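Here is a short briefing for a first look at this chain. Keep the structure in view as you read.

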Amino acid sequence: MGDVGLHYDGSAPTYHEQYDPDLIWKNDEYPANYFRLQKVIDILKDKGARSFYDLGAGEASPAIGICEALGIDFRASDLSPEMVRIGRDNLVAHGMDPGWLELVDIRDMDAIEMEAKRVGQFDAVIALGVIPHVEDDSW
């Protein structure tokens, strides 16, 4: 399975475009990601979630969108150093704490356990587009 982190490092500068309603029909990104995010927002709202953890958050556009739509707390991680770097800048630009986004490789169970201890519990966990990159989902 090639290097997923390198792939996403390369797409980090334009990643936000797939979640921008003004750009989803004008770029090469997959437009369904925007509509999937709207569905996730609806589900979190319907379930009354007050917090969520975004596993595979990219450069934080989806998490920021959810937070702004619902006013709920979140923490997040991604395995791409460039996504995390840009994501932290995005968080600051939206008046949010850049420490809410951490570099964590979900393929490393020890890293996941450390992150869970660091952030505690949340009402929901989302992993948008992550499962195709997990080689062993048995754990």
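**Tryptophan 100 and its surroundings**

Setting aside neighbours within four places in sequence, tryptophan 100 is in contact with Asp73, Phe74, Arg75, Ala76 and Leu91. The model is predicted. The chain averages a pLDDT of 86, and 81% of the residues score at least 70.

**More on tryptophan 100**
- Tryptophan 100 sits in the loop between helix H4 (81-93) and strand S3 (101-103).
- Tryptophan 100 has a relative accessible area of 18%, so it counts as buried; the cut-off for buried is under 20%.
- Valine 119 is 19 residues away from tryptophan 100 in sequence, and the two C-alpha atoms are 9.1 Å apart in space.

**The nonpolar core**
- The largest nonpolar core has 26 residues.
- Phe52, Ile66, Phe74, Leu91, Met96 and Leu101 have the most contacts inside this core.
- H2, H3, strand S2 (73-78), H4 and S4 each give two or more residues to this core.
- Phenylalanine 74 also touches tryptophan 100: leaving aside neighbours within four places in sequence, its contacts are Phe52, Ala63, Ile64, Cys67, Leu91, Met96, Trp100 and Phe122.

**Helix H2**
- Helix H2 covers residues 32-47, 16 residues in total.
- From first C-alpha to last, H2 reaches 22 Å, close to the 22 Å expected at 1.5 Å a residue.
- Which residues of H2 are buried? They are Asn33, Tyr34, Leu37, Val40, Ile41 and Leu44.
- Glycine 48 follows H2 and has a positive phi, near 75°.

**Alanine 60**
- Where is alanine 60 found? Alanine 60 is in the loop between strand S1 (51-55) and helix H3 (61-70).
- The phi of alanine 60 is near 75°, a positive value in a residue other than glycine.
- Alanine 60 has 1% relative accessibility, so it counts as buried.

**Confidence along the chain**
- Among the elements of the chain, helix H1 (residues 4-11) has the lowest mean pLDDT, 63.
- S3 has the highest mean pLDDT among the elements, 97.
- Where pLDDT is low, the predicted coordinates should not be read in detail.

Note on methods
Residues are numbered from 1 along each chain as its sequence is written. This is a predicted model: local features need pLDDT of at least 70, side-chain atom pairs count only at pLDDT 80 or more; totals for chains, interfaces and linings use all residues. Side-chain values use heavy atoms; hydrogens and water are left out. Helices (H or I, at least four residues) and strands (E, at least two) are DSSP runs, numbered from the N terminus. Buried means under 20% relative accessible area, exposed over 50%, partly exposed in between (1.4 Å probe, protein chains only). Contact means heavy atoms within 4.5 Å. The expected span of a helix is 1.5 Å times one less than its number of residues. pLDDT is the predictor's confidence in each residue, from 0 to 100. A nonpolar core is a set of buried Ala, Val, Leu, Ile, Met, Phe, Trp, Tyr and Cys residues joined through side-chain atoms within 4.5 Å.
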